[in-house]
Amino acid sequence: MTILVTGGAGFIGANFLYWELREHPEDRLVCVDALTYAGNLRSLEKAMKAENFRFVKADICDRKAIFDLFEEEKPDIVVNFAAETHVDRSVENPGVFLQTNILGTQTLMDACRRYGTKRFHQVATDEVYGDLPLDRPDLFFTEETPIHASSPYSASKAGADLLVMAYARTFGLPVSITRCSNNYGPYQFPEKLIPLMISRAMSDQPLPVYGTGENVRDWLYVDDHCAAIDLVMRKGREGEVYNVGGHNERTNLEVVKTILRALDKPESLITFVKDRPGHDRRYAIDPEKIHRELGWLPQTAFDQGIQATIRWYLDNKGWWEEILAGDYQQYYQRMYGNR
Ligand SMILES: NC(=O)c1ccc[n+]([C@@H]2O[C@H](COP(=O)([O-])OP(=O)(O)OC[C@H]3O[C@@H](n4cnc5c(N)ncnc54)[C@H](O)[C@@H]3O)[C@@H](O)[C@H]2O)c1
């Protein structure tokens with residue numbers, strides 16, 4: 001089988017490619033990524049050595065490039081990770097979020113229709129459901145929870161989900177969607193909470209926490225998310241949405257304190273900063289459907305996953321230091337510029 005993975009030079013996409021190379025070495029993997037600021041080809045260095053792996057630099061909104069690639073590869077499955085993903089950036093500049101997250105998804109689905117792709121899988125987020133109140137720990141997002149996005153990022157992801165379901169209904173496109181809670185693990189860009197705090201704590205810089213740090217996120221180790229996507233795209237029912245989450249709720253402040261303890265750094269590094277506008281209070285997923293239908297359960301407890309993640313950032317200082325120095329964007333040029 002040929003699996004086309006978009007956004008594979010980003011955090012979850014890269015982890016997913018390694019997951020597939022490990023678990024399904026019989027399949028061919030084609031990674032498409034535009035290498036925006038969030039894409040880092042260095043994350044795929046090891047994958048590049050595999051014979052069944054191909055990297056293509058292309059924008060998912062570039063209809064010609066995408067159709068040409070489909071013509072060449074005729075993928076059996078397409079998994080769409082490519083997206084603008086940082087909520088703060090969507091507050092600054094919403095346009096590119098609508099472009100990539102909605103119109104890029106449309107371009108991919110049009111190509112799937114044309115080339116008879118057997119499954120289009122959309123990697124979505126629990127943020128499309130909006131947020132839950134902090135004083136109702138009994139409430140969780142189910143697949144029936146109405147879409148109620150709060151930020152331009154989540155609205156663009158919600159728009160994409162609606163379009164995916166519309167393509168299924170109108171054109172009979174075989175689709176599936178996973179809506180996952182917050183991920184953490186190796187290769188996450190150091191603007192996101194956990195790697196930001198790890199990298200700053202390691203260099204004794206202040207750790208900026210929004211508001212009072214009480215916002216709650218439902219953290220899932222990235223490999224557990226990869227396992228869920230793999231199951232759904234291969235065995236999940238067509239036209240269905242599956243929520244993915246591990247009942248691992250933590251306030252942002254708890255997460256930051258865990259990181260400081262693990263690195264043996266003082267809590268005095270924490271500085272509270274002005275809250276993000278429209279900041280969602282609590283996300284919490286009910287993953288009962290994917291468990292019941294496909295037997296998925298998370299394998300990594302938070303305490304174990306966070307230790308593994310901190311270890312990875314300690315062992316791969318070069319990876320994130322290069323990002324912070326802005327050098328990583330020269331990497332593609334160095335690797336491929338003269339070929
Ligand atoms: N990180 C999370 O906690 C989380 C949770 C649930 C769902 N998701 C979803 O998972 C997907 C991946 O998230 P991530 O955290 O790995 O994101 P990321 O920002 O780390 O990576 C996104 C990747 O997409 C690429 N990209 C962006 N625009 C593109 C375009 N127009 N064409 C081709 N490639 C493009 C970037 O270069 C980058 O490699 C996203 O769709 C996101 O909404 C993320």
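Aromatic pairs number 16 in this predicted model. Ring pairs join Y18, Y187, W312, Y313 and W319 into one cluster. An open sheet of seven strands, paired in parallel, runs through the fold in the order β3-β2-β1-β4-β5-β6-β11.

**Rings and charges**
- R89 places its charged end over the ring of Y37, 3.5 Å from the ring centre.
- Y242 has K289 over its face, at 4.8 Å from the ring centre.

**Sheet**
- Strands β3 (53–57) and β11 (240–244) stand at the edges. Each has a single partner strand, so one side of each is left without a neighbour in the sheet.
- From one strand to the next, the twist averages 20 degrees.
- Strands β1 (residues 2–6) and β4 (residues 77–80) run parallel and are joined by four bridges.
- L4 has V78 in β4 as its bridge partner.

**Helices on the sheet**
- Helix α1 (residues 11–23) lies across β1, β2 (28–33), β3 and β4. Its direction is at about 170 degrees to β2.
- Helix α7 (residues 222–235) packs on the sheet and touches β1, β4, β5 (119–125), β6 (175–180) and β11. The directions of α7 and β5 make about 145 degrees.

**Nonpolar cores**
- The largest nonpolar core has 67 residues. L44, V79 and I259 have the most contacts inside it.
- Leaving aside residues up to four places away in sequence, I259 touches I194, M197, I198, I306 and I310.
- A second, separate core has 33 residues, including I66, A168, I177 and Y283.

Definitions and conventions:
Residues are numbered from 1 along each chain as its sequence is written. This is a predicted model: local features need pLDDT of at least 70, side-chain atom pairs count only at pLDDT 80 or more; totals for chains, interfaces and linings use all residues. Side-chain values use heavy atoms; hydrogens and water are left out. Rings of Phe, Tyr and Trp (its six-membered ring) pair if their centres lie within 6.5 Å; planes under 30 degrees apart count as stacked, over 60 as edge-to-face and the rest as tilted. A charge sits over a ring if NZ of Lys or CZ of Arg is within 6 Å of the ring centre and within 35 degrees of the ring normal. A nonpolar core is a set of buried Ala, Val, Leu, Ile, Met, Phe, Trp, Tyr and Cys residues joined through side-chain atoms within 4.5 Å. Buried means under 20% relative accessible area, exposed over 50%, partly exposed in between (1.4 Å probe, protein chains only). Contact means heavy atoms within 4.5 Å. Two strands pair if DSSP finds at least two bridges between them. Helices (H or I, at least four residues) and strands (E, at least two) are DSSP runs, numbered from the N terminus. Axes are lines fitted to C-alpha atoms, for helices over the stretch in contact, and angles run from 0 to 180 degrees between N-to-C directions.
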